[in-house]
Amino acid sequence: MALARTRKIMFAAGLLGLAVACGAPSAHEGTAALGAAGSPAGAGASASPVGNDLKFGADHRFASGLTISVGSPQSFRPSPSAYPQSPRGAAFDVQLTNDGSTTYKLSGLNVTATAGGTSVKQVVDTTQGFTGITDAGKDVLPGRSVHITLAFAVPREQTQLRLQIRPSTTEGVAVTYCGPA
């Protein structure tokens with residue numbers, strides 16, 4: 001009897017831990033609370049409240065008119081020439097659409113990631129086409145879109161991954177995507 005109760009408690013604790021790791025769903029589908037204005041660019045995942053993280057696949061529109069969508073992570077095995085070496089990688093398709101009235105400079109895009117609460121590095125694996133933001137000098141004109149694919153080193157076992165995106169390194173506004181990877 002005690003063993004069954006212990007299992008139920010452990011299961012409930014695991015579910016609670018998962019909910020806390022990625023936050024509860026936002027009350028408004030497709031929106032996220034923004035980080036505190038003036039927060040430093042390297043503030044990490046804590047710049048956006050946990051309860052307002054978006055799920056992968058959702059769109060987020062910044063006040064500037066820039067809309068970002070991050071697809072679900074796709075697991076892959078990095079090639080021997082990848083840097084950094086990792087047992088596994090998670091790749092993301094990122095779509096940026098400039099619905100604003102001014103040109104967006106792609107060089108300002110700042111993307112950071114954590115896996116299980118630990119900061120992870122971006123993977124560059126040219127053999128598999130993961131080269132980061134290759135058109136960093138590109139300007140995205142109003143009404144235009146750009147697609148990029150980013151990859152990050154993740155542990156061998158499935159983990160909760162948080163991706164924080166800032167339109168520019170000086171922008172105090174960020175959006176955080178969260179989910180299993």
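Predicted model: local features only at pLDDT ≥ 70, side-chain atom pairs only at ≥ 80, totals over all residues.
Which side chain makes a polar contact with the side chain of D53? R162 does, at 2.4 Å. A polar contact is a pair of N or O atoms within 3.5 Å; within protein, one must be able to donate a hydrogen and the other to accept it, and residues adjacent in sequence count only if both atoms are side-chain atoms. The close-ups below begin with the whole chain and return to this pair.

View 1. Residues are numbered from 1 along each chain as its sequence is written, and side-chain values use heavy atoms, with hydrogens and water left out. Helices (H or I, at least four residues) and strands (E, at least two) are DSSP runs, numbered from the N terminus. Along the sequence the pattern reads α-β-β-β-β-β-β-β-β-β-β-β-β. Of the 181 residues, 43% count as buried. Buried means under 20% relative accessible area, exposed over 50%, partly exposed in between (1.4 Å probe, protein chains only). The accessible surface comes to about 9800 Å², and 58% of it belongs to carbon and sulfur atoms. Such areas come from the Shrake-Rupley method with a 1.4 Å probe; for residues, only the protein chains shown count as cover. Among contacts (heavy atoms within 4.5 Å) between residues at least 6 apart in sequence, 70% join residues at least 24 apart.

**View 2. Strand β5 pairs with β3, β4 and β10.** Strand β5 covers residues 88-98. Nine of its 11 residues are buried, so the rest of the structure largely encloses β5. Two strands pair if DSSP finds at least two bridges between them. Strand β3 (residues 66-70) runs antiparallel to β5, joined by five bridges. There, S69 has Q95 as its bridge partner. Strand β4 (residues 74-76) is also antiparallel to β5, with three bridges. Q74 stands opposite A91. Strand β10 (residues 145-154) pairs with β5 in the antiparallel sense over 10 bridges.

**View 3. D53 and R162 meet in a salt bridge.** A salt bridge is a side-chain nitrogen of Lys or Arg within 4 Å of a carboxyl oxygen of Asp or Glu. The N to O distance between D53 and R162 is 2.4 Å. D53 lies in the loop between α1 and β1, and R162 in strand β11 (residues 160-166), so the pair ties together parts 109 residues apart in sequence. D53 and R162 are both buried. For D53, relative accessibility is 6%.

**View 4. R61 and D99 form another salt bridge.** Their N to O distance is 3.6 Å. R61 sits in strand β2 (residues 59-61), and D99 in the loop between β5 and β6 (104-105), 38 residues apart. D99 is partly exposed, at 41% relative accessibility.

**View 5. D139 and K105 meet in a salt bridge.** Here N to O is 3.5 Å. D139 lies in strand β9 and K105 in strand β6, so the pair ties together parts 34 residues apart in sequence. D139 is partly exposed at 36% relative accessibility. K105 is partly exposed at 49%. By this rule the count is three salt bridges.

**View 6. G129 lies in the loop between β8 (118-120) and β9 (139-140).** At 47% relative accessibility, G129 counts as partly exposed. G129 and A151 are 22 residues apart in sequence. Their C-alpha atoms are 9.9 Å apart.
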